[in-house]
Amino acid sequence: MTEAPESAVALVGMAGRFPGAADVEQLRRNLAAGVPGLRELTDAELAAAGADPAAPGHVRVGGPVAGGVETFDATAFGLGAREAETLEPHHRLLLECSWEALERAGYRPTDPGVPVGLFAGCAFPDYLTRNLAGLAAEPDGKPLLSAGVERDSLTSLVSYKLGLRGPAITVQTYCSTSLVAVHLACQSLLTYECDLALAGGAALPLPQTGGHVHAEGDILSPDGRVRALDAAANGTVMGSGAAVVALKRLEDALADGDVVHAVILGSAVNNDGRDRAGYPAPGVAGQAAVVDTALAVAGVKPETVGYVECHAVGTPLGDSIELAALNRVFGSGRAVPCVLSSVKPSIGHLDRASGVTSLIRAALNLRDGVLPGTWGFSTPNPALGDRFTVLPADAPWPADGTPRRAGVSSFGVGGTNAHVVLEEPPVREPRSSSGPQLLTFSAADPAALDEVTSRLRAHLASHPALDLGDVAFTLQVSRGHFALRRAVVVRDRADALAALADPGRWIDGETRRRDPRIRLAAGPGPDWAATAAAAHSLLAGAEVPAPAATREGALSALAAGLTRLGVRLDESASDTVVVEGGSSAEELLSTLARLWLAGCTLDWPALHRGEGRRVELPPYPFQRKRFWVESAPSRPAAHVPSWRLDPQPVTGLAGRLRAAGPWLLFAGSPVGEALASRITLAGGEVTTVRPGAAFAFLDSGDFVVGPGDLPELRRSLVVVPRTVVHAFALGGSPGEIEEAAELWPGMVTVTSGAVGVLGPDLTTPSQAGLTGLTARHVDVGADASIDQVLAAVLNTETPLAVRGDQSWRPHHEPWEPPAPGGVAGLAGFEEVVVHRGTGVPAPRESSLDPGPGLPDLDDRRGLLLVRPDPAGRVLAAQARVARLAGRGRWTTVVSTSDPAAEVLAAVAAADQLTEVVLSGVPLVRPARVGEPVQAQAQARPRPALSTPFVEPEPGLEQEVAQRWAAALGYAEIGADDNFFELGGRSAGAVRIAAHWDLPATAVVELPTVRLLAARLAEPRS
């Protein structure tokens, strides 16, 4: 690498989960071996996702994220059971990936010690609509939505949980989201808003294993293959994943001994504007400009770039436009063509995570000296030209004395483009530390601690070139934040492999205090010279002279060295560390280990005299458990329509009538005239239209319209009406009501006796076809109150029927037919007459004509099958009238397709039903609130806390503990457990306090079971 500019940014950490790859290293191995993440989905997976593989155009290929999205380590992040199960999957994986990116960079994942910014975005939260539809209506539901489901909380929640104090900005630019986030992170670093930045994205559509449905003209592949940059490109496949990179100013990264995987020389972001075929279409000029700008920012020429990781998703148009843009920027005359590649044929298009995934792949290739192949590539896209080449397989990237450089592109729907220019990392000189080392790590529970140990041992075994001193330093500065801790003193790599497999050499403990005071005491032993020498070589600064080879000299060196490392020594302290004469460096490291286990905060860089270097080590093994709210039950197979009383308020009606004006009222009956008079009486501005032979404008300002006059009426109106009411049907003939509905889309349709609320009030079945003509409809009975009719007209939420001075709204009661096999089909109901409605649209002038009428069945059973169209509604109304008149026991079945015989048999058996609406038919009034989200019934184990479990005493303590356990979803809670450490929220604390009639702040001030129980035991004044 040449001398980098001051604006260079180092990529120091990478983390992610991808289709077929649980981490970045597995992704690298899969790509190198040609193992794709996209795969054929099994029958069981498709069935679980509710997908129909027999549906036209269905493609049973997908890229579900490795490990799934239903499990999560709530304990590691300090989340309660309820918070964890409602936490949206994008939030979950971004939390984990941010944690891992910091650990892989060699920094503490919580409270890293430097200002850390976070820039990330995610796809639409399907979990919200599929699984949490009713959460907002539940107690504490809105806080859970606002911090853990809503996309605005994506980065701020991570910053809160990990203690990150830099900017936390959620980015949303569709497919380019995560690479735009990288650009913003670089800008934040270069303006010193933060010293370390995380950038990334996540895309986790639900269901994960449903495949996709290809339709002619869309971007999805008809055969489940992604042929990026290929002449045979015919569409993409959406994959699932999340990825985060850790970035740092290059000069700081080198000074701090960080791992550098690649160097970002420059980046740029722009938008295509209007210079494209349409909003979702890409633009050549904008893409070329962003690549050119990024190269200019980086200060490099296009001919020095040997490889570009393209956005190329495998669509013919998108790939060709991207190639055209690159050809504009990369001039001719190159000695060697630039290699183009795309990771998407292997893992699919990861949408909001695609840009950062491409960046990770490019960084790996630069670091490892690989020119990447494109999986499945066969024939070049004709737009490729001679300046570029696409490799079918990986090839070595030969060194030619100049730094390897790569570009990464990501282009979003809507035209936001991003490009980043990368360079290979600077060479890191190998080194070998001498002397014993102290390996330290921690975990939330014993199982995780053992897994950390075994992972570290396997990593050391497979990476023999690692310097043990660098390993020790990285562990010390990045892996010690849990209370459950383990330390191992080792002499060299071989000894480390042996010690990590030998529990007898592990120094284990659980930290209960922070920075205790320690008394240093001398133990027995004659060889204090050895102790003094060990203390000086291990603990003293480079400038400190050697101590006297005496007991006093050794203790003085020890005291100075421990103080230098941050240990608070105090002769009056109760905690004592005894050091014996003849102690070796290994024994002194064991002493440091015990101090660390006791809670002392040690200055680890000082232990390494400022020469510590970070290396990439395995991340924390999350102990994931299932935290998942199952999706709401699918809509019942059928609904039975009925009516519910819903009287409309008439208080203040006059003011509301005035506010709804100007009115346009089609009045062709006495009731219509009464409506106009009431509006005028209220002071409302109303124009009345009456039916007649020809168009006329009356002196009163009203109109008469004949056939074909509605366009003329619209042109003649002096003011645009705010409320349009079409009530011609009250006079018997609706006139050209369909044309009126097209001219005034928000029109209120008024009918007379078109629906049966009470039964006999269905007097005009011929008007039933009008009831679905417009979204707003009012049916008027013979004795309807004019004020109630107008109040119903003003209701914008639901159709209504007015009978007397009351209004009624439609209601749909779920109805489940018996399971298949429960009814033997129509063979058992030979006497049932099945009459099929026409279902064929009639000419425009008679679109409400239902066709042939119903046969008279006398007392026999009949099923009427109709479509949910005007003609079907008229037939259904006729069937209801016939049933009331004793001309057949009709039940109407409303369906968009021919029902199965078993369904018809079930309806036929339910003689009491007048009408059944099958699934697939839009309801008149959809439910406004989803089914409540049900908390998981099984209580979860108490999480690992720094506080040991203490059984609550019988009586008040047990009562308080049981209430807290029920509120927080745990099987048990200890007497000394802190309500907020258990994941409790302020709203829950207020409710608990209110249960015992305590002040709202009681649980805040008394946050443990024992303290609150003691308060309850006090006599009340």
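What percentage of the 1021 residues in the chain is buried? In this predicted model, local features need pLDDT of at least 70, side-chain atom pairs count only at pLDDT 80 or more, and totals for chains, interfaces and linings use all residues. Residues are numbered from 1 along each chain as its sequence is written, and side-chain values use heavy atoms, with hydrogens and water left out.

Buried residues account for 54% of the chain (buried: under 20% relative accessible area, 1.4 Å probe, protein chains only). Along the principal axes, the C-alpha atoms fill a box of roughly 120 × 90 × 65 Å. Of the contacts between residues at least 6 apart in sequence, 75% join residues at least 24 apart (contact: heavy atoms within 4.5 Å).

The chain has 31 helices and 39 strands (DSSP runs, H or I of at least four residues and E of at least two, numbered from the N terminus). An open sheet of mixed pairing is formed by 11 strands, in the order β7-β6-β8-β10-β1-β11-β18-β17-β12-β13-β15; pairing requires at least two DSSP bridges between two strands. Since β7 (168-170) and β15 (388-390) stand at the edges with a single partner strand each, one side of each is left without a neighbour in the sheet. From one strand to the next, the twist averages 25° (axes are lines fitted to C-alpha atoms, for helices over the stretch in contact, with angles from 0 to 180 degrees between N-to-C directions).

Within this sheet, β8 (residues 196-203) and β10 (residues 241-249) pair in the antiparallel sense over 7 bridges, with A202 opposite A242 in β10. Helix α7 (residues 154-162) packs on the sheet, touching β6 (116-122) and β7, and its direction makes about 140° with that of β6.

Notes. Buried < 20%, exposed > 50% of the residue type's maximum accessible area, 1.4 Å probe, protein only.
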